[in-house]
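Colleague: I have a few quick questions about this protein. Can you put it on the screen first?

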Amino acid sequence: MKPPVFEYERPDSLRAALDSLTRHGSKAKLLAGGYSLIPMLNLRLIKPGRLIDVSRLAELQYIVEEFGQLRIGALTTHNTILRSSAIAANCPIMVEAYRHVANHSIRNRGSTKLLPAQRTSGSSAVATSAKIGRKTSAVTL
Ligand SMILES: Cc1cc2nc3c(=O)[nH]c(=O)nc-3n(C[C@H](O)[C@H](O)[C@H](O)COP(=O)(O)OP(=O)(O)OC[C@H]3O[C@@H](n4cnc5c(N)ncnc54)[C@H](O)[C@@H]3O)c2cc1C
C-alpha cells in the first residue's frame, strides 16, 4: 500500500514546530523515527493532511539528571538510552529493558516517548504531557 497524499514540513526549531502544530491542529501528525507512523500511513489507518517532521530537533533529545530525577526528551533514541551512563547508574533496569526493544537499527532511530519498556522499568513515577515540547519522561529516582 502507498500512503495517502500529505504535505510535509521539517521545522528547524521547537518553536516553529509548535506554531505549525497550533496552526494545523488535528490535521497534522508529528513524525519522529517513523517506525509506527509510516506503517499506519501505508496501511491507510490514518490520513493526516500534514506531517511535521521533528526528528532532527536537538531540543527534544536529551537525558538530564537533576533534583533526584532523570528527564528524558521525547526524541531521545532507544540506543541513546542504552548508552547513557546517567541511566546505567541510576536506573539500570531501564538499560536492561531497552536491550529487548526491537533491533539495533530501529533502536538507532526510534524515539522513546513513553514506551512499555519504560513503563516496566521499575521507576516509581513516569510522567508525560501531551504537548510535543513537553513530552518528557520524568523518572523519579
Ligand atoms: C519491527 C519493530 C519492532 C519494534 N519493537 C519494539 C519493542 O520491542 N518494544 C517497544 O517498546 N517498541 C518497539 N517498536 C517501536 C519502535 O521502537 C518506536 O519507538 C516506535 O515505532 C515509535 O517511535 P518513532 O520515533 O518511530 O515514532 P513515529 O512512528 O515517528 O511516531 C509515532 C507516534 O508518535 C507521535 N510523535 C512522534 N514524536 C512526538 C513528540 N515529540 N511528541 C508527541 N508525539 C510524537 C507521532 O505523531 C505518531 O503518532 C518496534 C517497532 C518496529 C517497527
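Colleague: Which strands does helix 1 lie across?

Modeller: Helix 1, residues 14–24, lies across strand 1, strand 2 and strand 3. Relative to strand 3, helix 1 runs at about 165°. Keep in mind that this is a predicted model.

Colleague: And those strands, in what order do they sit in the sheet?

Modeller: The order is 1-3-2, in an open sheet of 3 strands with parallel pairing. Strand 1 (7–9) and strand 2 are the edge strands, as each pairs on one side only. From one strand to the next the twist averages 25°.

Colleague: What do strands of a sheet pair through?

Modeller: Strands of a sheet pair through backbone hydrogen bonds, and the pairing is either parallel or antiparallel.

Colleague: How many bridges join strand 2 to strand 3?

Modeller: There are 4 bridges between strand 2 and strand 3, and the two run parallel. Within strand 3, Arg50 is the bridge partner of Ala28. On the other pairing, strand 1 and strand 3 (residues 50–53) are linked by 3 bridges, also in the parallel sense. Tyr8 stands opposite Leu51 of strand 3 there.

Colleague: Let me step back. How many helices and strands are there in the protein?

Modeller: The protein has 7 helices and 7 strands. Starting at the N terminus, the elements go β-α-β-α-β-β-β-α-α-α-α-α-β-β.

Colleague: What share of the residues is buried?

Modeller: Buried residues are 28% of the 141 residues. As for contacts with a separation of 6 or more, 52% of them are between residues 24 or more positions apart.

Colleague: Next, strand 4 and strand 5. Do they pair in the parallel or the antiparallel sense?

Modeller: Antiparallel, over 4 bridges, with strand 4 covering residues 63–66 and strand 5 covering residues 69–72. Ile63 has Ile72 in strand 5 as its bridge partner.

Colleague: How many residues are between them?

Modeller: There are 2 residues between strand 4 and strand 5, which form a hairpin. Phe67, in the turn, has a positive phi of about 50°.

Colleague: Which non-glycine residues elsewhere have a positive phi?

Modeller: Arg44 is one of them, with a phi of about 60°. Arg44 sits in the loop between helix 2 and strand 3. Ala102 is another, with a positive phi of about 45°, and its place is the loop between helix 5 (92–98) and helix 6 (104–109).

Colleague: Why is Arg44 called exposed?

Modeller: Because 11 other C-beta atoms lie within 10 Å of Arg44, and a residue with 12 or fewer is exposed. Ala102 counts as partly exposed, because it has 14 C-beta neighbours inside 10 Å.

Colleague: Now the ligand. Which residues come nearest to it?

Modeller: Ala32, Gly33, Tyr35, Ala102 and Gly110 come nearest, out of 25 residues around the ligand.

Colleague: Which element gives the largest share of the shell?

Modeller: Strand 2, with 3 residues. Strand 2 (28–31) and helix 7 (116–119) each supply at least two residues.

Colleague: Last topic. Where is Asn42?

Modeller: Asn42 is in helix 2, residues 37–42. Asn42 counts as exposed because it has 12 C-beta neighbours inside 10 Å.

Colleague: What is Asn42 in contact with, leaving aside its neighbours within four places in sequence?

Modeller: Met1, Lys2 and Pro3. Asn42 and Met1 are 41 residues apart in sequence, yet 5.3 Å apart in space from C-alpha to C-alpha.

Colleague: And Arg56, is that buried or exposed?

Modeller: Arg56 is exposed, with 12 other C-beta atoms within 10 Å. Arg56 lies in the loop between strand 3 and strand 4.

Conventions. Residues are numbered from 1 along each chain as its sequence is written. This is a predicted model: local features need pLDDT of at least 70, side-chain atom pairs count only at pLDDT 80 or more; totals for chains, interfaces and linings use all residues. A residue is buried if 20 or more other C-beta atoms lie within 10 Å of its own, exposed if 12 or fewer, and partly exposed in between; C-beta atoms are placed from the backbone. Two residues are in contact if their C-beta atoms, placed from the backbone, lie within 7 Å. A residue is near a molecule or strand if its C-beta atom, placed from the backbone, lies within 6 Å of it. Two strands pair if DSSP finds at least two bridges between them. Axes are lines fitted to C-alpha atoms, for helices over the stretch in contact, and angles run from 0 to 180 degrees between N-to-C directions.
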